[in-house]
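Open the model in your viewer and keep the selection tool at hand.

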Amino acid sequence: FFGTALTQELWASDGTEAGTQRLGSVYPLEMAALGSRVLFRAGQELWASDGTVAGTLRLGAGATNPRELTPLGATLYFFAGPGSATQLWRSDGTVAGTASVAPLPSDGFAPAGMQPALGRLFFT
């Protein structure tokens, strides 16, 4: 990342000057690699990038405030809203492939510590 805290931007590089480019000023926070893409949280939304400007897009799909981006196989799992509700979500890095898996208890339950193991996700 380059820039100050107020102007942080997403860049990609193949290690050469010609292959280093700015992908956008989307203030990326948490990032996770998934196949040939990187998925990341920018603001309150989930984004994906294939390392090109044209291939950097907001996934949307109603997931607000995504967190704990955790790859498992070819799928990224994360916690997100809508609103103040917490749900388990999944994404294959496309808009169509980003959806809620299951709502989680709304009685003050705050999921954390997502960890892939044994082909499953574990969290507290």
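A residue is called buried here under 20% relative accessible area, exposed over 50%, and partly exposed in between, with a 1.4 Å probe and protein chains only. Strands are DSSP runs of E with at least two residues, helices are runs of H or I with at least four, and both are numbered from the N terminus. This is a predicted model, in which local features need pLDDT of at least 70 and side-chain atom pairs count only at pLDDT 80 or more, while totals for chains, interfaces and linings use all residues. Residues are numbered from 1 along each chain as its sequence is written, and side-chain values use heavy atoms, with hydrogens and water left out.

**Stop 1: strand β8**

Select residues 75-80, which are β8. Of its 6 residues, 5 are buried, so β8 is largely enclosed by the rest of the structure.

**Stop 2: the sheet around β8**

β8 belongs to an open sheet of 4 strands, in the order β7-β8-β9-β10 with antiparallel pairing; two strands pair if DSSP finds at least two bridges between them. At the edges are β7 (67-72) and β10 (98-103), each pairing on one side only. On average, neighbouring strands of this sheet are turned by 25° against each other, direction ignored; the axes are lines fitted to C-alpha atoms, and angles run from 0 to 180 degrees between N-to-C directions.

**Stop 3: β7 and β8**

Now show β7 with β8: 4 bridges join them in the antiparallel sense. T70 has Y77 of β8 as its bridge partner. The two strands form a hairpin with 2 residues between them, and G73 in the turn has a positive phi of about 65°.

**Stop 4: β8 and β9**

Switch to β9, residues 87-91, which pairs with β8 in the antiparallel sense over 5 bridges. What stands opposite Y77 in β9? It is R90. Further along, L76 has S91 as its bridge partner in β9. This hairpin has 6 residues between the strands, and G83 takes a positive phi near 60°.

**Stop 5: the whole chain**

Clear the selection and colour by secondary structure. The protein chain has 12 strands and 0 helices. Its radius of gyration (over C-alpha atoms) is 15 Å, close to the 14 Å that the globule rule gives for 124 residues, the rule being 2.2 Å times the number of residues to the power 0.38. Buried residues make up 35% of the 124 residues. The C-alpha atoms fill a box of roughly 50 × 35 × 25 Å, taken along the principal axes.
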